[in-house]
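Reader: I have a structure open and a few things to ask about it. Can we go through it piece by piece?
Author: Go ahead.

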Amino acid sequence: MLESAIAEQAMLRLARGFSSPDALRLHKQIHAQLQLEILDVREEVAALKAELRRDQDPAKMSEIQRMIGQLMQQINVIREKAAEAEAIVRGITADIQRLDTAKRNLTGTVKTLERWGMLRAAHRQLRELFPTKRYKDMAHALAAVTELLAPLKPLATIAQVAEVFRATEVDRKTVQERVNTEMDAFFRNDPNKPPDLAVVKECCLVIDILGGDYKKHIMERYIQLQLAEYRRIFRSTDEAGQLDNVPRRYAWFRRVLKHHDDETAPIFPASWEMARLLVASFAEITRVDLANVLARAPPKVTTLLDALQATLDFEATFARRFDRPFDDVTAGGLTLQSTSKWTIASIFNSHFSVYVDAQDKAIADMLAQYRGSRSRSSMEGVLAETEHAGPTILPSSTELFYFYGQTLEQCGKYTTGEPMQRLAKVFSKWLKIYSDDVLSAGLRRQDAGRRSFEGKSGINEVRNACMVLNTAEYCQNTSLQLEERVRDNIDEKWREGVSFQAERDAFTSVMSQCIAAILRELESACEPAFAAVLKTPWRDLDNVSGRSAYVVDLVGSIKDIAEEVRTRVESKKYIRNFADKAVGLVMIRFTEAVVKSRPLKKIGAEQILLDVQAVKACLLDLPELHPEKSGNAYTKYVTKSTGQLETMLKVILAPDDPPEGFVQNYCLLIGDRSFTNFQKILDLKGTPRTDQQKLLDIFLSVTSANAELADTSFLTPLDMDPTPERVVTSPSAVNLFSPTTGAGGMLPSLLARTASGDGSDRSETPKAFGDFRRLVSFATRRD
């Protein structure tokens, strides 16, 4: 320990001396300072050693020992004198202590004699009362004898005291026999010889003094006598004891208790709580009987609920009467060995599955007309009734949640334990079924083939999807409120098992399906316009003649669907979600049509550029009719989405003479060095193969000298031979995160269809290979 402490102090000293790397330059000064400190320590050690040698002088040590001896002698003298003083004081106070002891003994003797005299008098008085029926005075005398005997137990070895103890025990038995005779007459209740209730009341005072098992026996006997008829009439095996007669049980007991309150309750001391014990015993008998009845056969739901309601009303009545919970009323009964709390109603919990199963069946019957193949027809009926209405939700959803609320409220009246958790699981089950078999099923078309938007069917599909979207959002929000309500009502023990999160996720999936369905209809509506783009001979146009004919159809189709969405979708965030995805869809399909229509030539590119402006103005109106009210993020998104196609068209319509200017324009607008992307522009422009080599050489020369150009651009994922498949093929292709509002905020390229499986870009020339190609091109050109 000492060595470690010294080492720690040394390390702290070094740390203070070399607190930073710059302190190493001062090592000579620090070394000199340490040397001085060492010299000081050595001088101090030498001084201490000299002082120690002086103090170890033999003469001086002998003097010190002599002085210590004298001090010890003085201490012994003081100790002897103190002992003498203590003996003197003890002698002086001995008489006083003897007097105090004598006083205490005398006082105790006087009190004992007084108690003895009072005991003899009380005992004599008690015996004098034996021939009479003055039980009240007898109770007082017996209480006095019992109280006075307790302090005399230490003197029980004295013959006279032991004799009194034996006599008192005999007298207690005599009193008990006399009281027992009176109570027997009271319990028999012979009409020919009715008992004197005043005498019985005084007898109860004596019984209260006797206490113990005899008192408990009398109380049990009275309760059994009161409930004997109840046991006979309401046997669990008889008709009267069945579940539908539970209210009759309670009515019968109320009559018995009323008779007790009016006639016999004043007889018993208040401390006996005879009314409460009577209720507790009745509750125990009833609980056992009902358990036997319920175990024999599953009850009907209405019968179960009526019996449970009657039981709850009965318990509430007596909880108010005794001003305590009913489980405290039944606690501490005469016949119960367990100290656990219970109620009559608790026996129903294990059989409440009958009620839960009934609610399950009721919900199944209620939703049967809306599920599966019937879902679409029921939705069409709602659409027919609300053709010119605004946002609409399916009435079946409000019916379902209204039923949930009523059922939960009803269940809460009966129990808030494990049955409520089972009921919550039934709610969860049918929310999932409603999501799958009603909402999702209602989005499926009646026929397998694609329909044109030219008829009313396309509009109806959009309206149907909007209604399902509103319903799914309503169900999602209301299921959260339902979960909170269940968690507020259920017991804390079962609270953690209540959650509708999986069902809310299912409704979110349905909303994604609705957006996908609307986008499919939008894509179908725009098909004729995109087909017209492919049929237009862009390479043969002589001049730009204003807006193209196909743009009128395209804009009209987009506006028709957008108007339905704005009118029929309740939540603005889903209108924005549709608008964001519609922009992506339209621009992808538009770009594909332009790519397939190559070569475009200069006039064709100018015409398409003009058409893109008209489409952009239409897309800006998607969330709201006035684009100036649209969010800044949405406007930027539309501008960027259309801007990619506009930039590509501007590069295409640029003249390729002089070729250096064309390449510089490409580098300025596109901003990449990709050989493949430049080749795509030449193909779209329709540049002859004989002229392409010269432009490619100039491109390689310019880009190799410009290090600021990127390796990729929005042209990189552009597919020059797009497949004819649809952009929106399944609900899973659409999520609810909009490019302008979703997580991540990333704007995907609208010119790409799908990424390759390994994540690499198949159309892009690797940088190393591109550099090698430039080197070969320069070498060939020099040759």
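This is a predicted model: local features need pLDDT of at least 70, side-chain atom pairs count only at pLDDT 80 or more; totals for chains, interfaces and linings use all residues.

Author: A place to start is helix H8: the cover over its buried residues includes helix H5 (159-188), helix H7 (212-233), helix H9 (274-296) and H10.

Reader: Which residues of H8 are buried?
Author: In H8 the buried ones are Val246, Arg249, Tyr250, Trp252, Phe253, Val256, Leu257, His260 and Thr264.

Reader: And where do they fall when you look down the axis of H8?
Author: The buried residues of H8 fall within an arc of 160° in that view, so they line one face of the helix.

Reader: What sits on the face turned away from the buried side?
Author: That face of H8 carries the exposed residues Arg255 and Lys258.

Reader: What span should H8 have, going by its 19 residues?
Author: Helix H8 covers residues 246-264, and at 1.5 Å a residue it should span 27 Å. Its end C-alpha atoms are 26 Å apart, which agrees.

Reader: Back to Lys258. What does its side chain meet?
Author: The side chain of Lys258 forms a salt bridge with that of Asp262, at 2.9 Å from N to O. Both residues lie in helix H8, four residues apart, which is about one turn of the helix.

Reader: Is that pair buried or exposed?
Author: Lys258 counts as exposed, at 54% relative accessibility. Asp262 is partly exposed, with a relative accessible area of 47%.

Reader: New topic. How many salt bridges does a search of the whole structure find?
Author: The search finds 31. One of them joins the side chains of Arg232 and Glu229, at 2.3 Å from N to O.

Reader: Where do Arg232 and Glu229 lie?
Author: Both are in helix H7, three residues apart, about one turn of the helix. Arg232 counts as partly exposed at 44% relative accessibility, and Glu229 is partly exposed too, with a relative accessible area of 36%.

Reader: What about Asp365?
Author: The side chain of Asp365 meets that of Lys361 in a salt bridge, 3.2 Å from N to O. Asp365 and Lys361 are four residues apart in helix H12 (residues 353-367), again about one turn of the helix. Salt bridges that share partners also join Glu523, Glu527, Arg589 and Glu592 into one network.

Reader: Now Leu304. Which helix is it in?
Author: Leu304 is found in helix H10, which runs over residues 301-322.

Reader: Buried or exposed?
Author: Leu304 is buried, with a relative accessible area of 0%.

Reader: What is Leu304 in contact with, leaving aside its neighbours within four places in sequence?
Author: Leu304 then has contacts with Leu243, Leu294, Pro299, Phe348, His351, Phe352, Val354 and Tyr355. Take Leu294 from that list: Leu294 and Leu304 are ten residues apart in sequence, and their C-alpha atoms are 9.2 Å apart in space.

Reader: Last, the chain as a whole. How many helices and strands?
Author: The protein chain has 26 helices and zero strands. Of its 783 residues, 42% count as buried.

Reader: What share of the contacts join residues at least 24 apart?
Author: Among contacts between residues at least 6 apart in sequence, the share is 79%.

Reader: And the accessible surface of the protein chain? What does it come to?
Author: It comes to about 42500 Å², and 54% of that belongs to carbon and sulfur atoms.

Notes:
Residues are numbered from 1 along each chain as its sequence is written. Side-chain values use heavy atoms; hydrogens and water are left out. Helices (H or I, at least four residues) and strands (E, at least two) are DSSP runs, numbered from the N terminus. Buried means under 20% relative accessible area, exposed over 50%, partly exposed in between (1.4 Å probe, protein chains only). Contact means heavy atoms within 4.5 Å. The expected span of a helix is 1.5 Å times one less than its number of residues. The arc is that of the directions from the helix axis to the C-beta atoms. Accessible areas come from the Shrake-Rupley method with a 1.4 Å probe; for residues, only the protein chains shown count as cover. A salt bridge is a side-chain nitrogen of Lys or Arg within 4 Å of a carboxyl oxygen of Asp or Glu.
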